[in-house]
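The sequence and the coordinates come first, and the explanation follows them.

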Amino acid sequence: MSKTSPQILVGIIMGSDSDLDIMSEAAKTLDAFGVANEVRVISAHRTPDKMNEYAQTAAGRGLQIIIAGAGGSAHLPGMTASHTPLPVIAVPVKRDHHDHEALWSNVKMPPGIPLATMPENGAHNAALLAIEILSLQDKTLAKKYQAFRTKLAQEVIKKDAQLQAKGWQKYMKVS
Ligand code: RP5
């Protein structure tokens, strides 16, 4: 019995395998919500033709969103966005030896080509934004996402109740 693979909806691309520790958070989050995704290393600098090809063929392959992460001068997210009509979500990869160059590069896209830029290393939120976009057309996913938000809220309410019950001094000691 053959099992057909689900349509990949989100492409997660990164400039180097050294970005994988950060970018894998996006894949983990999408996997947890059952959103089919692919993870690729595609460099704007070292494999520019591959980047063009990936971006130009993504919509035709059925992808709906691209999450692109890179560090340093970080051309990958913006250049990918310039080659596809799909929404591109940028994750500026930040290391201790970096300034904030990737963030600036991503967030300062000139008018005309939008790039949804996340916080530095914000791959988890990139996946959540992708889920929000996909939820507009997918009621099952929208329900899962609503349950996730409800759980987040319940955790805060529970912590606040404990804080009120114990007082902040005792709360700080035990948590
Ligand atoms: C960028 O340069 C990559 O996205 C990575 O963040 C950074 C360093 O790449 P490697 O030298 O580790 O391959 O293009």
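The paragraphs below go from the sheet to the helices, and then to selected side-chain pairs.

The model is predicted, so that local features are reported for a pLDDT of at least 70 and side-chain atom pairs count only at pLDDT 80 or more, whereas totals for chains, interfaces and linings use all residues. Residues are numbered from 1 along each chain as its sequence is written, and side-chain values use heavy atoms, with hydrogens and water left out.

The sheet is open and is formed by 5 strands in the order β2-β1-β3-β4-β5, with parallel pairing. Its edge strands are β2 and β5 (116–117), each of which pairs on one side only. Here strands (E, at least two residues) and helices (H or I, at least four residues) are DSSP runs numbered from the N terminus, and two strands pair if DSSP finds at least two bridges between them.

Strand β1 (residues 10–14) pairs with β3 in the parallel sense over 5 bridges, with glycine 11 standing opposite isoleucine 66 and isoleucine 12 opposite isoleucine 67. With strand β4 (residues 88–92), β3 also pairs in the parallel sense over 5 bridges, and there alanine 90 is the bridge partner of alanine 68. Of the 6 residues of β3 (residues 65–70), 6 are buried, so this strand is largely enclosed by the rest of the structure; buried means under 20% relative accessible area, exposed means over 50%, and partly exposed lies in between, for a 1.4 Å probe and protein chains only.

The next topic is the helices. Together with helix α3 (residues 76–82) and β4, β3 makes a right-handed β-α-β unit, where right-handed means that, with the strands pointing away from the viewer, the path from the first strand over the helix to the second runs clockwise. Threonine 84 lies in the loop between α3 and β4 and is buried, with a relative accessible area of 9%. Leaving aside neighbours within four places in sequence, threonine 84 is in contact with Ala55 and Ile66, contact meaning heavy atoms within 4.5 Å. Helix α1 packs on the sheet, touching β1, β2, β3 and β4, and its direction makes about 170 degrees with that of β1. Helix α2 (residues 48–58) lies across β1, β2 and β3 and runs at about 170 degrees to β1. For these angles, axes are lines fitted to C-alpha atoms, for helices over the stretch in contact, and the angles run from 0 to 180 degrees between N-to-C directions.

How many aromatic pairs does a search of the whole structure find? The search finds 3. The rings of phenylalanine 33 and phenylalanine 148 have centres 5.6 Å apart and planes at 75 degrees, so this pair is edge-to-face. Phenylalanine 33 lies in the loop between α1 (20–32) and β2 (37–41) and phenylalanine 148 in helix α6 (residues 139–166), so the pair ties together parts that are 115 residues apart in sequence. Tyrosine 145 and phenylalanine 148 form a stacked pair, at 6.0 Å centre to centre and 25 degrees between the planes. Rings of Phe, Tyr and Trp (its six-membered ring) pair if their centres lie within 6.5 Å, and planes under 30 degrees apart count as stacked, over 60 as edge-to-face and the rest as tilted. Ring pairs thus link Phe33, Tyr145 and Phe148 into a cluster, in which phenylalanine 33 is buried at 8% relative accessible area, tyrosine 145 is buried at 10% and phenylalanine 148 is partly exposed at 22%.

Charged side chains complete the picture. The count comes to 6 salt bridges, a salt bridge being a side-chain nitrogen of Lys or Arg within 4 Å of a carboxyl oxygen of Asp or Glu. In one of them aspartate 21 is joined to arginine 95, the closest N and O atoms being 2.8 Å apart. Aspartate 21 lies in helix α1 and arginine 95 in the loop between β4 and α4 (101–107), so this pair ties together parts that are 74 residues apart in sequence.
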